Amino acid sequence: MSLLDLTAVELGRKIKAGEVTAVQATRETLAQMKALESTLNCYVTIDEEGAKARAEAVQKKIETGELAGPLAGVPVAIKDNMCTEGLLTTCSSKILYNFVPTYTAEAVTNLEKAGAVILGKTNMDEFAMGSTTETSAFGETKNPWNTAHVPGGSSGGSCAAVAANECFYALGSDTGGSIRQPSSFCGVTGIKPTYGTVSRYGLIAYGSSLDQIGPIAKDVTDCATILEIISTYDGKDSTSLKREDTDFTSALVDDVKGMRIGIPKDYLGDGLNAEVKKAILDAAEVLASKGAIVEEFDLSLVEYAIPAYYVIASAEASSNLSRFDGVKYGYRAREYEGLHNMYKKSRSEGFGPEVKRRIMLGSFVLSSGYYDAYYLKALRTKALIKQAFVRAFEKYDVILGPAAPTTAPKLGESLSDPLQMYLGDIYTISVNLAGLPGMTVPCGIDAQGLPIGLQLIGDCFREKNIIRAGYAFERSRSYQAPAIAHSIGTPDPARVRTDAFGKGGRVNEQTV
C-alpha cells in the first residue's frame with residue numbers, strides 16, 4: 001500500500017510511531033499534486049514552500065512530545081472560502097483574485113493547533129454558489145473517477161482532492177449540501193455538523209443562517225476525529241454553541257442493534273435514479289441485518305424545501321456580498337467615472353453569472369412589495385420543515401436516504417439548465433434549513449463506474465447517531481479510490497502548473 005492510500009488517522013498513527021515523518025508525507029502529497037493538478041484542477045492556491053516548512057516544524061514538535069494528537073503532521077487542504085493569514089483566499093472569484101487575509105478562520109486555527117500541515121486552498125463554485133464546481137473563475141475541477149464528469153459542489157475541489165490522494169483530508173463548507181453532495185459524487189465521506197457546532201469566524205459568508213464548516217475524508221473515523229478537533233466554542237462567532245458532547249470518536253462502534261432508522265418515502269419517488277435507489281435500499285438492508293429497525297415513513301414538505309432555500313439563501317447572499325465593491329480590497333475596474341460607476345463596473349466585471357443571478361434574486365425577494373410574498377413566506381416554510389423533522393426524530397434516531405438523485409453529471413450539463421441544477425439539491429437542503437447534522441458515506445458504484453453516496457441525517461446535536469450508523473455500515477465495505485489516485489510519479493514538466501507551486505502560495509495561471 002502506498003503512503004498516500006492511508007487514511008488521515010492511519011498516517012497520524014504512523015507518524016507518531018516514527019514509521020514515517022510529516023516531511024515525507026508532505027513531499028509525497030505534493031508530488032501527487034504536481035502529477036495530477038494539470039488534469040483535475042483541485043486547487044486554486046498551492047503553498048509548496050510553506051507546507052514543507054510547516055511539516056519540518058511540526059515534525060520536531062512531534063518528536064519532542066509537544067504535539068501528540070491523532071492528526072499531527074497530516075497534510076490537509078482548505079476550501080478557498082476560509083481565511084488563511086498570509087495565503088491567498090479567493091472564493092474562486094475574480095473579485096477576490098488578489099485577497100490575502102490578515103487573520104485565519106477559527107476552524108483552520110484549530111487544525112493548526114493540532115499539528116496540521118496546510119497544503120493549499122481548494123477550488124470551489126464561486127462564493128459557494130453552485131453544485132458542480134464549474135462556476136469557479138479559475139476553471140472547473142474534474143471528477144477523479146471520470147474526468148468528463150463534475151465532482152459536485154460547491155466543495156468539489158476539496159472532495160476531488162481527497163479522492164485523488166492530493167491530500168489526506170480537507171475542510172469544506174455546506175450551505176445546502178455542499179459537503180455531502182460532492183462527497184457522494186467523489187466517493188468520499190463528509191459531515192455537515194449541527195449549525196453552530198463549528199465556528200464560522202473566518203468563513204466568507206454565502207448564507208449566514210445556513211453555512212457550516214465540516215470535514216471531508218476517506219472514512220467515518222477520519223471525519224469524526226477531524227470534527228472533534230474543529231468543534232470548539234468561539235466568542236468571535238455569535239452563532240457558535242457551547243457543547244460538552246463533542247467526543248465524536250466515542251461513537252465509532254460497530255453496533256446499531258435497536259437503532260431506529262427511517263427512510264422518507266418522499267426521497268424514493270420520481271426523479272431518483274434507479275441505480276442510486278437500489279444502492280440506498282441495499283445499504284438500509286445492511287444496517288437492518290446488523291440489528292437496526294428500518295422502515296419507510298412520510299416526511300412532509302419536501303417539495304417546498306428548494307424554493308424556500310433559494311429564497312432565503314439568495315436574500316442573505318445579496319446582503320453578504322454587498323461588501324465586495326472594489327473599494328477596500330479585491331478587484332477594481334480599471335476604467336470608471338465616479339464612485340457609483342466604480343461600484344457597478346467592479347461588481348459587474350468581478351462576479352460571475354451564477355453569483356449575479358443569486359444576488360439579483362435575493363435583492364428582488366427583499367424589495368418593497370415582495371418581502372412578505374416571498375422572504376417571509378420562505379421563513380415560515382423553513383419553520384414548518386423544522387417541525388416536520390422534529391416529529392420524525394420523535395420516532396427515529398437516524399433518517400436515511402440518497403445524497404443526490406443521480407451520480408455525477410457530465411461537465412457542462414448542469415450549467416446549461418440552472419433550474420435543473422437547483423433541483424439536484426432536493427435531498428440535502430432541508431438539513432441546512434433545519435440546522436441538522438448530515439453525513440454522506442460511499443455505498444456503491446453505478447454502471448458508469450461513478451460513486452453513489454448514502455446520506456444519514458440526525459437530530460440536532462446527535463452527530464454521534466449518524467457517526468455510529470455510518471461506521472457500522474462502513475464495516476461492511478472497504479474504501480475504494482479512483483484509479484487516478486494511484487497515478488503518483490514524475491510529472492510531465494510540460495503539463496505542470498509550476499506557477500502554482502510558489503512560496504507563500506500563488507493563484508494558478510488561468511484567465512480570470
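These legends describe close-up views of a predicted model.

**View 1. Confidence along the chain.** The chain averages a pLDDT of 93. A score of at least 70 is reached by 95% of the residues. Residues 489-512 fall below 50. Beyond near neighbours in sequence, that stretch still has 58 contacts in the model.

**View 2. The largest nonpolar core and Leu-111.** This core holds 150 residues. Leu-111, Phe-127, Tyr-169 and Leu-171 touch the most other members. Helix α9, residues 302-320, supplies the largest share, 11 residues.

**View 3. Helix α5, an enclosed helix.** The helix spans residues 156-163. It is largely enclosed by the rest of the structure, because 8 of its 8 residues are buried. Two glycines, Gly-156 and Gly-157, are among the buried residues. Ser-158 and Cys-159 are buried as well. After α5 comes Asn-165, with a positive phi near 60°.

**View 4. A cis peptide bond at Ser-154.** The bond between Gly-153 and Ser-154 is cis, with omega about 5°. Ser-154 sits in the loop between β3 and α5.

**View 5. Thr-194 in its loop.** Thr-194 lies between β5 (189-192) and β6 (213-217). Is Thr-194 buried or exposed? Its relative accessible area is 1%, so Thr-194 is buried. What does Thr-194 touch, not counting residues up to four places away in sequence? Gln-212 and Arg-243 are on the list. Gly-435, Leu-436 and Pro-437 also touch Thr-194. A further run of contacts comprises Asp-459, Cys-460, Phe-461, Arg-462 and Glu-463.

**View 6. Phe-461, a contact of Thr-194.** Phe-461 lies in the loop between β11 (451-458) and α15 (463-474). Its phi is positive, about 65°, although Phe-461 is not a glycine. With a relative accessible area of 36%, Phe-461 is partly exposed.

View 7. Leu-301 is in the loop between β8 and α9. The phi of Leu-301 is positive, near 70°, in a residue other than glycine.

**View 8. The Lys-121 and Asp-80 salt bridge.** A search of the whole structure finds 20 salt bridges. In this one, the side chains of Lys-121 and Asp-80 meet at 3.4 Å, N to O. The pair links distant parts of the chain, 41 residues apart. Lys-121 belongs to strand β3, residues 117-122. Asp-80 belongs to the loop between β2 (75-79) and α4 (106-113). Both Lys-121 and Asp-80 are buried.

**View 9. The Lys-290 and Asp-254 salt bridge.** The closest N and O atoms of this pair are 3.0 Å apart. Here too, distant parts of the chain are linked, 36 residues apart. Lys-290 is in the loop between α8 (274-289) and β8 (293-297). Asp-254 is in the loop between α7 (220-230) and β7 (260-264). Lys-290 is partly exposed, at 27% relative accessible area. Asp-254 also counts as partly exposed, at 44%.

View 10. Asp-282 pairs with Lys-278, with the closest N and O atoms 2.8 Å apart. The two are 4 residues apart in α8, so about one helical turn separates them. Residues three or four places apart in an α-helix point the same way, because there are 3.6 residues a turn. Asp-282 is partly exposed, with a relative accessible area of 36%. Lys-278 is exposed, at 52%.

**View 11. A salt-bridge network.** Lys-34, Glu-48 and Lys-52 are linked in this network.

**View 12. A nonpolar patch on the surface.** Leu-361, Phe-364, Tyr-370 and Tyr-374 make up the patch. Together they have about 350 Å² of accessible area. Tyr-374 is part of helix α12, residues 371-393. The relative accessible area of Tyr-374 is 37%, so this residue is partly exposed.

How values were computed: Residues numbered from 1 in each chain as written. Predicted model: local features only at pLDDT ≥ 70, side-chain atom pairs only at ≥ 80, totals over all residues. Heavy atoms only, no water. Patch = residues over 30% accessible without salt bridge, like charges linked within 9 Å, V, L, I, M, F, W, Y side chains within 5 Å. Areas by Shrake-Rupley, 256 points an atom, 1.4 Å probe, with all protein chains shown as cover. Salt bridge = Lys/Arg side-chain N within 4 Å of Asp/Glu carboxyl O. Buried < 20%, exposed > 50% of the residue type's maximum accessible area, 1.4 Å probe, protein only. Core = buried A, V, L, I, M, F, W, Y, C linked by side-chain atoms within 4.5 Å. Contact = heavy atoms within 4.5 Å. pLDDT = per-residue confidence, 0-100.
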